[in-house]
Amino acid sequence: MNLELRHLRVVCAIAETGSVTKAASVLGLAQPALTAQLQRIERTLGGPLFERDRRGARATALGELVLARARVLLPAMKGLQDEATRLAGGGDGLSRYRFGGVNSPILGRLIHRLALSQPQAQISTYASWSADELGRLVAGARLDYALTGVCGQTTPSAEFGLSWREVAMDPVFVLLPESHPLAASEEVPLGALAGEQWVTAPGDGCFGDCFAAACARAGFTPRKVYETDVRGCVDLVDAGEAVALCQATFRPVAGLVTRPLAGVPLRWRLLLGWHPDAPAAGYAEQILELAVDAYTDALAPHPQYLAWLGRNPSFGAHQHSAA
């Protein structure tokens, strides 16, 4: 493995927080993934960088050497990137923005806001059902930003070295035909859907382990799961053949209703990702703010969900502080 700047950031984060667990939270990674990454770094450098015990992580002599170099290299590289970005983009932003999305409910509104604020910029989009594919494209400098969602508190793969920030967290709703016996309910217990067939679109992470675990807690194993595109999902629900999980901001469809699941057994986190060594990193906070604004715009057609958010203030747009 070749040592990269992102590896130095990992070492600095562990030293600054004094804990692998705290560093994982700061970096937006799962703790086991960060531990494995630290082990690979240590193997590359030939020895342990930290002594770890119940009191935390303290740098070894080798670790102090690496930290001393990292604290010079990282600011220098950041300065180089900022200067290069300003030269290439005229100082007001990037000359082009390349976005990838996985079934994102806010991509269109984000592009609209960005185009209004930077009318001279070239903006392109790429759609994929695979968060890993988007991660590879961002890591390979073929995309600048990725918008994707994850179920619960999971995080995208750390393999690609991306930085991830939360745009919003929503409860997962259920999509039902208006004729369904539970369509008139204010919220639907997941267990009441034990006899239903389900339909999902590719890439919908809540139909993986999270959904199976939630069903098990509700006392049942889900019946047949169809997989098709979004239009196919809508058609199967409209025909009464299946029900579907959906995002709380799912576009209203005549003849169908969305309802909250009682007790919020499933949560969906919308994330924005970028590579920390790419020029786009210098504008990530600006794009993140636009993404939050785009999410807020997306709530307007959903008065019932807005009322639900009023009763559940821990959900909705994430309030970001300066990084």
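Y305 is buried, and W308 is buried too. Buried here means under 20% relative accessible area, with exposed over 50% and partly exposed in between, using a 1.4 Å probe and protein chains only. This is a predicted model, where local features need pLDDT of at least 70, side-chain atom pairs count only at pLDDT 80 or more, and totals for chains, interfaces and linings use all residues. Residues are numbered from 1 along each chain as its sequence is written, and side-chain values use heavy atoms, leaving out hydrogens and water.

Stay with the rings. How many aromatic pairs does a search of the whole structure find? Six. The rule: rings of Phe, Tyr and Trp (its six-membered ring) pair if their centres lie within 6.5 Å; planes under 30 degrees apart are stacked, over 60 edge-to-face, the rest tilted.

Take F173 and Y305. Their pair is edge-to-face, at 5.6 Å centre to centre and 85° between the planes. F173 sits in strand β6 (residues 163-177) and Y305 in helix α10 (residues 303-311), so this pair ties together parts 132 residues apart in sequence. Helices (H or I, at least four residues) and strands (E, at least two) are DSSP runs, numbered from the N terminus. F173 is buried, like Y305.

Next, Y305 and W308. That pair is stacked: 5.9 Å centre to centre, 25° between the planes. The two residues are three apart in helix α10, so about one helical turn separates them. Ring pairs link F173, Y305, W308 and F315 into a cluster.

Now the cores. A nonpolar core is a set of buried Ala, Val, Leu, Ile, Met, Phe, Trp, Tyr and Cys residues joined through side-chain atoms within 4.5 Å. The largest has 47 residues, and F99, I106, Y145 and V167 have the most contacts inside it. Helix α9 (residues 284-298) gives the most to this core: nine residues. A second, separate core has 22 residues, including C12, L49, L67 and A158.

On to R6, in helix α1 (residues 5-17). Is R6 buried or exposed? Buried, at 16% relative accessible area. A 2.9 Å polar contact joins the side chains of R6 and E4. That term means N or O atoms within 3.5 Å; within protein, one must be able to donate a hydrogen and the other to accept it, and residues adjacent in sequence count only if both atoms are side-chain atoms. Leaving aside residues up to four places away in sequence, R6 touches Q37, E159, G161, H275 and D277, with contact meaning heavy atoms within 4.5 Å.

Last, cysteines. With disulfides defined as cysteine sulfur pairs within 2.5 Å, the count is zero.
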